[in-house]
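Please read them with the coordinates open.

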Amino acid sequence: DIAYCYAIDSDEKSGETVTASTNSGKCLQLSKENYDWCSPDAHKVAWGALYRKDKLKEIRFDEDLTIAEDTLYFARCIQAGCKIVCLDEALYHYVNHAESLTNKAYSGKNKTELIAWDRICSLFRDNKNTFLTAKSEYAQTCKKIAKKYYLNENYTKIENKFIRKKYRKNAPYLLKYAFAKKKMGLAAKTIFSALFWNVWLKTR
């Protein structure tokens, strides 16, 4: 029902490219019961994929979201029980523009990404494994936003407190995921950032 590939991410200014694909040509079958949102194989956007129209005609984008509306859309496709295949080939060329919304200065619009993850987690509440990885990726998203914008003048102490609160709520799931995957480095970083958020923000 859904087939997606990896992207070749290109920086508009430097021209540098990167991809998570090993270009092995192998196909990985996924489902809503075993979808790992934290995996490099996870697809978190609507683009770079082919969809079977008759399976998805009732699924719509949430127009109140500015960021991650496509992540939520793809999550709904998974939750609908669609068969999913991931092709290990970098076939989609994505150019990272400096003036894109996700690269501009921090604003309240950035928080819609967290609203999207709230809704995604709600979708998979009855799927134990996928719910765990969704909550874990939610925590990772909080860290990503904070790390990216904490030096931006629009990222105030109030905004930082809000993101930290969301992170600490989801961090226990990330810690559980790290132990399950035997990723001790991730577990240590999760504990450190949860306990010493502002110190962690200043580390590289």
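1. Asp36 counts as buried, since its relative accessibility is 16% and the cut-off for buried is under 20%. The model is a predicted one.

2. The side chain of Asp36 forms a salt bridge with that of Lys181, at 3.9 Å from N to O. Asp36 sits in the loop between β3 (27-30) and β4 (49-51), and Lys181 in the loop between α5 and α6 (184-195), so the pair links distant parts of the chain, 145 residues apart. Lys181 is partly exposed, with a relative accessible area of 45%.

3. Glu113 and Lys144 also meet in a salt bridge, at 2.8 Å (N to O). Glu113 belongs to helix α3 and Lys144 to helix α4, 31 residues apart. Glu113 is buried at 11% relative accessibility, whereas Lys144 is partly exposed at 45%.

4. A salt bridge of 3.5 Å (N to O) joins Asp118 and Lys166. Because Asp118 lies in helix α3 and Lys166 in helix α5, the pair ties together parts 48 residues apart in sequence. Here Asp118 is partly exposed at 30% and Lys166 is buried at 19%.

5. The count of salt bridges comes to nine. Asp62, Asp64, Arg76 and Arg119 are linked in a network of them.

6. Arg125, Lys161, Lys165 and Lys169 form a positive surface patch. Lys161, in helix α5 (residues 157-180), is exposed, with a relative accessible area of 55%.

7. Asp126 is placed in the loop between α3 (112-123) and α4 (128-149) and is exposed at 76% relative accessible area. Its C-alpha atom is separated by 9.4 Å from that of Glu33, 93 residues apart along the chain.

Notes. Residues are numbered from 1 along each chain as its sequence is written. This is a predicted model: local features need pLDDT of at least 70, side-chain atom pairs count only at pLDDT 80 or more; totals for chains, interfaces and linings use all residues. Side-chain values use heavy atoms; hydrogens and water are left out. Patches are made of residues with over 30% relative accessible area and no salt bridge: like charges are joined within 9 Å, nonpolar side chains (Val, Leu, Ile, Met, Phe, Trp, Tyr) within 5 Å. Accessible areas come from the Shrake-Rupley method with a 1.4 Å probe; for residues, only the protein chains shown count as cover. A salt bridge is a side-chain nitrogen of Lys or Arg within 4 Å of a carboxyl oxygen of Asp or Glu. Lys and Arg count as positive and Asp and Glu as negative; His and the chain ends are not counted. The place of a charge is taken as NZ of Lys, CZ of Arg, CG of Asp or CD of Glu. Helices (H or I, at least four residues) and strands (E, at least two) are DSSP runs, numbered from the N terminus. Buried means under 20% relative accessible area, exposed over 50%, partly exposed in between (1.4 Å probe, protein chains only).
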